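I opened a new page for this structure.

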Amino acid sequence: MCQLLGMNCNTPTDVQFSFAGFAQRGGRTGEHVDGWGIAFFEGRGLRHFVDHQPASESPVADLIRRYPIKSRNVIAHIRKATQGGVALENCHPFVRELWGRYWVFAHNGDLKNFHPRLHASFRPVGSTDSERAFCWIVQEMQKSHAGVPSVGELTLTLRELAARIARHGPFNFMLSNGEALWSHCSTNLYYVERKHPFAHAKLADDDLSIDFARNTTPKDKVAVVVTAPLTVNEEWMRMREGELKVFVDGEAVG
């Protein structure tokens with residue numbers, strides 16, 4: 001199975017520390033060697049990087065580890081292929097436009113016999129079950145709402161859509177439009193909310209630690225969601241099977 005990482009904050013924050021450990025799972029501490037990707041929202045804009053090389057060896061991943069891009073919403077993915085070959089077009093996260101905003105999606109799982117009818121507006125470029133699911137989700141979101149819905153309204157819609165797709169297999173996913181981060185758990189997803197008073201943290205996959213108190217203000221709030229806990233000394237909360245959580249301004253709101 002693939003690996004997912006999401007970050008939601010109330011102020012632009014860099015993901016260097018979390019990504020440093022996460023990237024090791026792409027071939028060094030994990031067997032997920034079939035590509036990786038990451039997307040950073042900046043206002044209404046988006047920085048999107050993908051590579052079909054293992055994350056632990058990718059020069060692009062090395063750039064991300066060293067370059068402090070600050071964002072309020074980030075989604076990253078490390079791939080172990082189940083459907084679709086090892087190719088750039090099959091690397092997550094995937095991006096689509098809806099209602100004049102970018103939407104970013106990444107999936108961990110294996111959907112069997114999932115071939116929904118898709119209209120011309122949303123079609124997959126690659127050959128993964130994940131991109132098909134994303135295209136169907138944005139298509140159904142568009143059909144369900146005449147305009148941009150509130151976070152609460154969209155959460156209700158996504159709960160219904162996620163349950164329908166999950167009948168076909170494990171459907172752990174992350175979705176963001178730059179305003180919120182939605183995370184759905186079928187098997188494994190964990191999250192931690194970092195806020196004042198900030199503490200010291202040590203990565204599980206790399207010999208790296210950080211004192212968050214030196215790099216934050218008392219008003220900062222950061223939520224990190226991941227397939228398996230990134231640190232060894234923080235209290236990670238495990239999401240329930242079938243649960244969809246939404247994070248806004250660095251904390252869970254539903």
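**Cavities**

I looked up the largest cavity and found about 60 Å³ of space in it. I noted that this is a predicted model, where local features need pLDDT of at least 70, side-chain atom pairs count only at pLDDT 80 or more, and totals for chains, interfaces and linings use all residues. Residues are numbered from 1 along each chain as its sequence is written, and side-chain values use heavy atoms, with hydrogens and water left out.

I wrote down the terms. On a 1 Å grid over the protein atoms alone, a cavity is a set of points where a 1.4 Å probe fits but cannot get out; a pocket is an open set with protein on both sides within 12 Å along at least five of seven lines; lining residues have an atom within 4 Å of a point. Grid points are joined across faces, edges and corners, and a volume is the space filled by probe spheres set on the points.

The structure holds 4 cavities of 30 Å³ or more. Lining residues of the largest cavity include C2, R79, H92, H107, T128 and D129. I sorted this lining by class and got 2 nonpolar, 7 polar and 3 charged residues. (Ala, Val, Leu, Ile, Met, Phe, Trp, Tyr, Cys and Pro count as nonpolar, Asp, Glu, Lys and Arg as charged, and the others, Gly among them, as polar.)

**T128**

Next I followed T128 from that lining. T128 sits in the loop between β6 (101–108) and α3 (129–144). (Helices, H or I of at least four residues, and strands, E of at least two, are DSSP runs numbered from the N terminus.) T128 is buried, at a relative accessible area of 2%. (Buried means under 20%, exposed over 50%, partly exposed in between, with a 1.4 Å probe and protein chains only.) Its side chain reaches the backbone nitrogen of E131 at 3.0 Å. Leaving out residues up to four places away in sequence, T128 touches R79, Q83, N90 and F94. (Contact means heavy atoms within 4.5 Å.)

**Largest pocket**

I then turned to the largest pocket, with a volume of about 340 Å³. Its lining has 17 residues, and T13, D14, F212, N215 and T216 lie nearest the centre. β1 (3–14) and α1 (16–24) are the elements that give two or more residues to this lining. β1 gives the most, with 4 residues. By class I got 8 nonpolar, 5 polar and 4 charged.

**Cysteines**

How many disulfides does the structure hold? I found 0. (A disulfide is a pair of cysteine sulfur atoms within 2.5 Å.) For C91, the nearest cysteine sulfur is that of C2, 10.0 Å away. C91 is buried, at 3% relative accessible area. C135 is buried too, at 0%.

I checked the peptide bonds. A cis bond joins H92 and P93, with omega about -5 degrees. P93 lies in the loop between β4 (70–78) and β5 (94–98). The bond from H196 to P197 is also cis, with omega near 0 degrees.

Last, I looked up phi. W99, not a glycine, has a positive phi of about 60 degrees. W99 is in the loop between β5 and β6. D249, not a glycine either, has a positive phi of about 55 degrees. D249 is partly exposed, at 33% relative accessible area.

Note on methods. A polar contact is a pair of N or O atoms within 3.5 Å; within protein, one must be able to donate a hydrogen and the other to accept it, and residues adjacent in sequence count only if both atoms are side-chain atoms.
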